[in-house]
There are 2 protein chains.
Amino acid sequence: MIDRQKVISELISPNTSKIVLLVMDGIGDIPNEEGLTPLQKANTPNLDALAQKSDLGQTIPVLPGITPGSGPGHLGLFGYDPLKYQIGRGILEALGINVEVGENDLVARGNFATIDGDIIVDRRAGRPSSEESAKVVEILNENIKEIEDVKITFYPGKEHRFVVKLTGEGLMDKLEDADPQKEGKPIKYTKALDESSKKSERIVNILLDKIKEVLKDQPKMNFALLRGFSKHPDMPKFGDVFKLKPAAVAVYPMYKGLAKLVGMEVVEAGQTIEDEFNTVKKLWNEYDFFYVHIKKTDSYGEDGNFDSKVKVIEEVDKFLPILLELNPDVLIVTGDHSTPCVMKGHSFHPVPLMIYAKNTRRGLSKLYNEFECARGSLGTIHAVDVMPLALAYAGRLEKYGA
Amino acid sequence: MIDRQKVISELISPNTSKIVLLVMDGIGDIPNEEGLTPLQKANTPNLDALAQKSDLGQTIPVLPGITPGSGPGHLGLFGYDPLKYQIGRGILEALGINVEVGENDLVARGNFATIDGDIIVDRRAGRPSSEESAKVVEILNENIKEIEDVKITFYPGKEHRFVVKLTGEGLMDKLEDADPQKEGKPIKYTKALDESSKKSERIVNILLDKIKEVLKDQPKMNFALLRGFSKHPDMPKFGDVFKLKPAAVAVYPMYKGLAKLVGMEVVEAGQTIEDEFNTVKKLWNEYDFFYVHIKKTDSYGEDGNFDSKVKVIEEVDKFLPILLELNPDVLIVTGDHSTPCVMKGHSFHPVPLMIYAKNTRRGLSKLYNEFECARGSLGTIHAVDVMPLALAYAGRLEKYGA
């Protein structure tokens, strides 16, 4: 089978161009009762003006019909075939909070939960503050240090979330989640999905019993659910593949983790969209590729909050001149997947794509939205083709063949 | 290589939704001298109203530029890569007339023909009635029962057509057609395309001589051409792959055969479009997937009969409310390939696709025709991606990755 990433990589001839990949998470939508998507509803003079100078299209994140999680959605945009590279949630969460993950490590995402006897009554333990939950993580670290020859370490996350890292020989990650997914159900132990993960199964299930024992007197955080068991995947580095020096500008752990996973440098991005764009400005001379992640388009899509999704888009539009004034050679505005407000979740719909650069076939589209993108000059492509296009518009790809 | 069908299959979470796949055979066309395609010319208020609530796009049946036969055209729509699964015409014809085909069987499609000496003067023996030809099939069955250790059985078909089944050990299907394709040419014997099919070659060529001998006194049906030698292919069942209970509503043998090949249940469909739609209505509670095949759009395309193709489309439109009143969760209106009237045959042109469902990106298109579909919100996709989309719109696909 042809390795398309390798084909692209061999064509690269670096230059001094600057590329910005602006990802509005879950940007794609479908019309509301008024017949408009958030992109259509939002007042976006800057994005629309850009559309007139850009090439538009739409991306299929994985395959038609497939609704991607954040991992596959981003890997595609980063130029990695999401069918080839499959990433567990545990690894993303771990990388996002700066947990180093080595080849003997198995990580999982933890949720503090409340149990009554063996029944899970609250899967988020009443949503404790990050400070409250960090204290309980400390208790776990003091009381559970190893099981057999496996070292155990807990790391605090946001609110009820934490990460647990198991370090030892022979820990594979083919494990079911230790999470019944619903409240009112009994504790669920993990189960190995193949022979290679039997040791992991044993250690994790002992760990669950120990957590239960150690936390038995906690008022709310008296148990934990463990999900997304994963090891560090073996992936080529983004900087090596695409011969770029990449910076990741993201606020949320998951996206920092994804960027780190492909070897991007994660920089301090502040908290707001304005902060993020100013981070790009501040670091403009130090990198030649900027991945900028906007989270809240997705969050409000998941909440079904149309008006707030519109406002986030308008905020991106308002601060877009910060990026435009830097005069990027290539500015890509897209998403990792669609998150239609009426569906309150990720969806399989194609994702709007806009590429602003010098040599576009501009003039076809007047607005940046799902429908203009569906009829744009780039057509309907796979997300994994966005990076090659970015390099091409940046003049970084040599001719293929004589 | 990644098995995409397997990826989709593993994401399926069944629900109670109902999916209808309405296939207007050869629906795609190109403009006539008036500058219109049959879909544009036809008065189709129901299809056009549906287009306004649907996602439109166009499919590539196999690869750009490839003109598919009915087999590959349908396999793609059924979610089977037509480059991976190659089906002989003989097997389709056999399945279509209820001939059981087992693993030791080799089948071929037969045409009664008229020869003068060794020259073929009429490849269809003057198009006998099905009754006339069935009598000759009976004569063959009485006189030719076996050759060496191979059992021979003949089955009557429509008009000049029949099916012959050879049952025995070691009969492979890599054989040239025993058909010179043109009148005025001499009888053509078959030829093995590889070593494995040498036995089949020998038996088939003895069979041709025996047929000639047995039929030598028939006035017109005094010989037979044999084509599409094939064994039963090894394919996963549609119902297992897509976790659906499928019914096939088709009038013509070929399409019943195709449906049977992938394990659909072929139901009694009547004769007319109205009959077919009422069949879906009658069986609505018994299945959750309905493949409905409309033949005559293709037949009239093959005849170059523009006006009659228009009329068939209008008839589909007229009876469409029978399907709409059932309130399907997903209704797909498409074709297996294009059959442009001016080309009088199948073509390689993309095929109009419309998906009506709850969560469409509706509002972009106002009509159902080739041009609206080319600019629709689904873009240009491969036919093999239609089933994943059907499942996605039906809410039957889980998220891929975290």
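Modeller: Let us start with a term: a residue is called buried under 20% relative accessible area, exposed over 50%, and partly exposed in between (1.4 Å probe, protein chains only). Helices (H or I, at least four residues) and strands (E, at least two) are DSSP runs, numbered from the N terminus. This is a predicted model, in which local features need pLDDT of at least 70 and side-chain atom pairs count only at pLDDT 80 or more, while totals for chains, interfaces and linings use all residues. Residues are numbered from 1 along each chain as its sequence is written, chains are lettered from A and ligands numbered from 1 in the order in which they are written, and side-chain values use heavy atoms, with hydrogens and water left out.

Biologist: What makes both faces of β11(B) count as covered?

Modeller: On one side B:F289, B:Y291 and B:H293 are buried, and on the other B:F290, B:V292 and B:I294 are buried too. In strand β11 (residues 289–294) of chain B, six of the six residues are thus buried. In a regular strand the side chains alternate between the two faces of the sheet.

Biologist: How do you know which strands pair with β11(B)?

Modeller: Two strands pair if DSSP finds at least two bridges between them. Strand β1 (residues 19–24) of chain B is joined to β11(B) by six bridges, in the parallel sense, and B:L22 has B:V292 as its bridge partner. Strand β9 (residues 246–249) of chain B pairs with β11(B) over four bridges, also parallel; there B:A248 stands opposite B:Y291.

Biologist: Why are β10 and β14 of chain A called edge strands?

Modeller: The open sheet of chain A has eight strands in the order β10-β9-β11-β1-β12-β13-β2-β14, with mixed pairing. β10 (265–266) and β14 (379–382) are its edge strands, as each pairs on one side only. Two bridges join β9 (residues 246–249) of chain A to β10(A), in parallel, and A:A247 stands opposite A:E265.

Biologist: Why are B:D105 and B:K165 said to form a salt bridge?

Modeller: A salt bridge is a side-chain nitrogen of Lys or Arg within 4 Å of a carboxyl oxygen of Asp or Glu. The N to O distance for B:D105 and B:K165 is 3.8 Å, so the pair meets that definition. B:D105 lies in strand β3 (residues 105–116) and B:K165 in strand β7 (residues 161–167) of chain B, so the pair ties together parts that are 60 residues apart in sequence. With relative accessible areas of 6% for B:D105 and 11% for B:K165, both residues are buried.
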